[in-house]
Amino acid sequence: MRRRPRPRLFPWLVVLTVPPLLVATGCVTVHGERAIIPSLTRDEAPKVLREFTEGYTRAYRTLDPAQVDRVETGALAEIGKADLTAQRALTPQGNPGYPALVLDDARFTVPQMAGWPKFFLADTRSNRDGNRWLVVFTRNGPKDPWKAAYLSLMPKERVPGFALDKDGYALPVPVKPGAAAGLAVDPSAVSGAYTRFLGTGGGEVFAPSGATTQLRADRAKFARTPSFWTEYLDTPDGAPGLPPFALRTKDGGALVFFTAHHREKRTMAKGLRPAVTDPRTKALLSGELNTSVTYTRVSESAVTVPARPAGGRVTFLNRIESLTAAKGG
């Protein structure tokens, strides 16, 4: 889901909304796995954002999927590597004229937390469109580099306000299963609840939207046609490398970022063979197109989850889904 309209250039402006770290004197050792500390220092956040945009631009100019792993991880990396693999198959010489990505007017939301992985959120203006680009950065240890794990696009007015502690830091929401998050749905369970909803349509967890009720309606149109029938299999994130991240919002709820995987198998009617005409899909295709084709996609989403006493439904702010593989059968 990479957009390439003609870029608009803006002057670089970074607005920091986190206070400087308190400096301790004497022989004090701070352990990030035990102590509750900010995810990063005041000066680090703009550097992390700049390294991401530089790496992103370099990857799309060289069309080298290996470049993605240097600055991205999780669902965002899955999407990026598949995108570059497809583009490289069509343009082996690369794309040196690709316009540089500019993310400016940045507002950083930094939580204080113990344990790993740590994360923070960059709410930025992009030279690609009129939306705010929200980028979640994470790292798994003190010696690991920061990488972008989630990207969400939304109008400025839809970006929620975050709850802050007395020092001005954001409040992370526990995402481990069984943690008391005080939400209508725990962050660790959002992906599973979503994939179950796509399969059954039951429950009152999710508000109607293009990512929920409309997606199920669109799928129903292709469940059985005169030419083929379609089977869908949706699975929650599951893998350790695809954790959700959550920040407490001012209303007591949370903004949650999560991943899901989706498979769509189309089996042709007797006497017909599947055909793949889209160049990008063909570049990601393996196997022989005999009677069926299976599409594998990954989605990354940003949702608001209400507090448990308040009631309400989980609402999608943004969902990006992209094809990562196709296989004939």
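Contact, as used here, means heavy atoms within 4.5 Å. Helices (H or I, at least four residues) and strands (E, at least two) are DSSP runs, numbered from the N terminus. The structure is a predicted model, in which local features need pLDDT of at least 70, side-chain atom pairs count only at pLDDT 80 or more, and totals for chains, interfaces and linings use all residues. Residues are numbered from 1 along each chain as its sequence is written, and side-chain values use heavy atoms, with hydrogens and water left out.

**Confidence**

**Helix H4**

- H4 has 14 residues and reaches 21 Å from its first C-alpha to its last, close to the 20 Å expected at 1.5 Å a residue; the expected span is 1.5 Å times one less than the number of residues.
- The buried residues of H4 include Pro187, Val190, Tyr194, Phe197 and Leu198, where buried means under 20% relative accessible area, exposed over 50% and partly exposed in between (1.4 Å probe, protein chains only).
- Among the elements that cover the buried residues of H4 are H5, strand S8 (228-236), strand S9 (245-248), S10, S12 and S13.
- Glycine 201 follows H4 and has a positive phi, near 75°.

**Salt bridges**

- A salt bridge is a side-chain nitrogen of Lys or Arg within 4 Å of a carboxyl oxygen of Asp or Glu.
- Side chains of opposite charge can pair when their charged atoms come close.
- A search of the whole structure finds 15 salt bridges.
- One of them joins glutamate 204 to arginine 313, with the closest N and O atoms 2.1 Å apart.
- Glutamate 204 lies in the loop between helix H4 (187-200) and helix H5 (213-220), and arginine 313 in the loop between strand S12 (292-305) and strand S13 (315-328), so the pair ties together parts that are 109 residues apart in sequence.
- Glutamate 204 is exposed, at 54% relative accessible area, whereas arginine 313 is partly exposed, at 35%.
- Glutamate 264 forms a salt bridge with arginine 297, and the closest N and O atoms are 2.8 Å apart.
- Because glutamate 264 is in strand S10 (residues 254-268) and arginine 297 is in strand S12, this pair ties together parts that are 33 residues apart in sequence.
- Glutamate 264 is buried, with a relative accessibility of 10%.
- Arginine 297 also forms a salt bridge with glutamate 321, where the closest N and O atoms are 3.7 Å apart.
- This pair links distant parts of the chain, since arginine 297 is in strand S12 and glutamate 321 is in strand S13, 24 residues apart.
- Glutamate 321 is partly exposed, at 24% relative accessible area.
- A network of salt bridges links Glu264, Arg266, Arg297, Arg319 and Glu321.

- S6 pairs with strand S5 (residues 118-126) in the antiparallel sense over eight bridges; two strands pair if DSSP finds at least two bridges between them.
- A hairpin of five residues joins S5 to S6, and threonine 124 stands opposite tryptophan 133 in S6.
- S6 also pairs with strand S7 (residues 147-154), in the antiparallel sense over seven bridges.
- Across that pairing, tryptophan 133 stands opposite leucine 153, and valine 136 has tyrosine 150 as its bridge partner.
- Seven of the eight residues of S7 are buried, so S7 is largely enclosed by the rest of the structure.

**Glutamate 300**

- Glutamate 300 lies in strand S12 and is buried, with a relative accessible area of 1%.
- Its contacts, leaving aside neighbours within four places in sequence, include Ala75, Leu76, Ile79, Tyr150, Leu151 and Phe258.
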